[in-house]
Amino acid sequence: MKTKFLILSIFFSSLPLSAQTGIDAVMDSVFTHNTTLKALRAELAADNAASRADLSLDDATMDFGYLWGGPRSLGERKDFSVSQTFDVATLTGAKRSWARSREALAQSRYHARAVEIVVEARQACIDVIYYNATVRLLETKRQNLETMSRLVQKETEYGRRDALALRAARLELAGIEGELRQSEAERRGALATLERLCGGHSVTLNDTIFPPVAIPQRFEELWSTVLANHPTLAAMSAEVREAEQSVKVARQNRLPRLSVGFMGEYDRAQPTAFWRQPSGQTGHSRTGSGREPSGRCRRTSERLFERKI
């Protein structure tokens, strides 16, 4: 029964009011200045950033090598390679689904903890309104009893009433004054709770009438709506979905990783062995040393010549 009452309290706290009231201003102040809500929002942003950080790929690898030819007739060689590693979970989108489920879980946990603060603040507002109405009623009753006590005192002076009637009137007046002081103390306590929930900012709530709330006519409809929107149940469902996505990612992480890259080798012969086929001339030209370049140098020079073209 206590659990049902708590669930219904959470539901009523989330129902829209028919008009702007003093409770709305107080709740806006709670949302703005509450230190716990600020910390929860910062924690939510950090969790979302951590979830998105896992989606980034590993850093690309770049290698460069410079080799001197030995013997010198082989020329110089430069090696250049770039590679990028991928995992199957990233390629299939399982990691992205897992990140979304983690963000949904963080959001549902934030909502569940925020609802607790909202329920506490709204309950404090209800207490303040109740004690406002009680204090006003007791003040009116005290004024009436003070008037009645004065009348009884005058009648006692004229001999129409005895001392017992005057004492009874004064005792009733003293009892009402005690109830009034107790209600004022309770109201100050509720206001102190609201100020604490507002981060220490002062709160003013002078309402004496509870705002109307639209409630479904059928209890079954009300109960189904409560269960569908209950923050704790939503957090548990999000936790189950996050666990399922985590299992999928763990299974795919056991598969081999893929690597895609580019690698090139660039050879350059020594100046004395550099050969090139001149335009408009057949046959092989001689180098400055009088030797014809080797087949490796010719192939390397031809490749360089084609790249330049």
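This is a predicted model: local features need pLDDT of at least 70, side-chain atom pairs count only at pLDDT 80 or more; totals for chains, interfaces and linings use all residues.
**Confidence along the chain**

Begin by colouring the chain by pLDDT. The mean over the chain is 77, and 77% of the residues reach 70 or more. Select helix H6, residues 163-197, where confidence is highest, at a mean of 91. Then select helix H1, residues 2-14, where confidence is lowest, at a mean of 43. Residues 1-20 have pLDDT below 50, and beyond near neighbours in sequence the model gives this stretch 27 contacts. A further selection is residues 270-309, over which pLDDT stays under 50. For residues 270-309 the model has 38 contacts beyond four places in sequence.

How many salt bridges does a search of the whole structure find? The search finds five. As a general principle, side chains of opposite charge can pair when their charged atoms come close.

Display the side chains of Glu 43 and Arg 113, which meet in a salt bridge with an N to O distance of 3.9 Å. Glu 43 belongs to helix H3 (residues 35-53) and Arg 113 to helix H5 (residues 94-157), so the pair ties together parts that are 70 residues apart in sequence.

Next, select Arg 52 and Glu 103. Their closest N and O atoms are 3.4 Å apart, and the two residues form a salt bridge. Arg 52 is in helix H3 and Glu 103 in helix H5, so that distant parts of the chain, 51 residues apart, are linked by this pair. Arg 52 is partly exposed, its relative accessible area being 47%. Glu 103 also counts as partly exposed, at 24% relative accessibility.

Select Glu 120 and Arg 196, which form a salt bridge whose closest N and O atoms are 2.6 Å apart. Which parts of the chain does this pair tie together? Glu 120 lies in helix H5 and Arg 196 in helix H6, so the parts joined are 76 residues apart in sequence.

**The surroundings of Trp 98**

Now centre the view on Trp 98, a residue of helix H5. Arg 102 lies over the face of Trp 98, at 4.9 Å from the ring centre. Leaving aside neighbours within four places in sequence, the contacts of Trp 98 are Glu 242, Gln 245, Ser 246 and Val 249.

**The aromatic pair**

Finish with Tyr 130 and Tyr 131. The structure holds one aromatic pair, and these two residues form it. How are the two rings arranged? The arrangement is edge-to-face, with 5.1 Å from centre to centre and 70 degrees between the planes. Is each tyrosine of the pair buried or partly exposed? Tyr 130 counts as partly exposed, at 45% relative accessibility, whereas Tyr 131 counts as buried, at 18%.

Definitions and conventions. Residues are numbered from 1 along each chain as its sequence is written. Side-chain values use heavy atoms; hydrogens and water are left out. pLDDT is the predictor's confidence in each residue, from 0 to 100. Helices (H or I, at least four residues) and strands (E, at least two) are DSSP runs, numbered from the N terminus. Contact means heavy atoms within 4.5 Å. A salt bridge is a side-chain nitrogen of Lys or Arg within 4 Å of a carboxyl oxygen of Asp or Glu. Buried means under 20% relative accessible area, exposed over 50%, partly exposed in between (1.4 Å probe, protein chains only). Rings of Phe, Tyr and Trp (its six-membered ring) pair if their centres lie within 6.5 Å; planes under 30 degrees apart count as stacked, over 60 as edge-to-face and the rest as tilted. A charge sits over a ring if NZ of Lys or CZ of Arg is within 6 Å of the ring centre and within 35 degrees of the ring normal.
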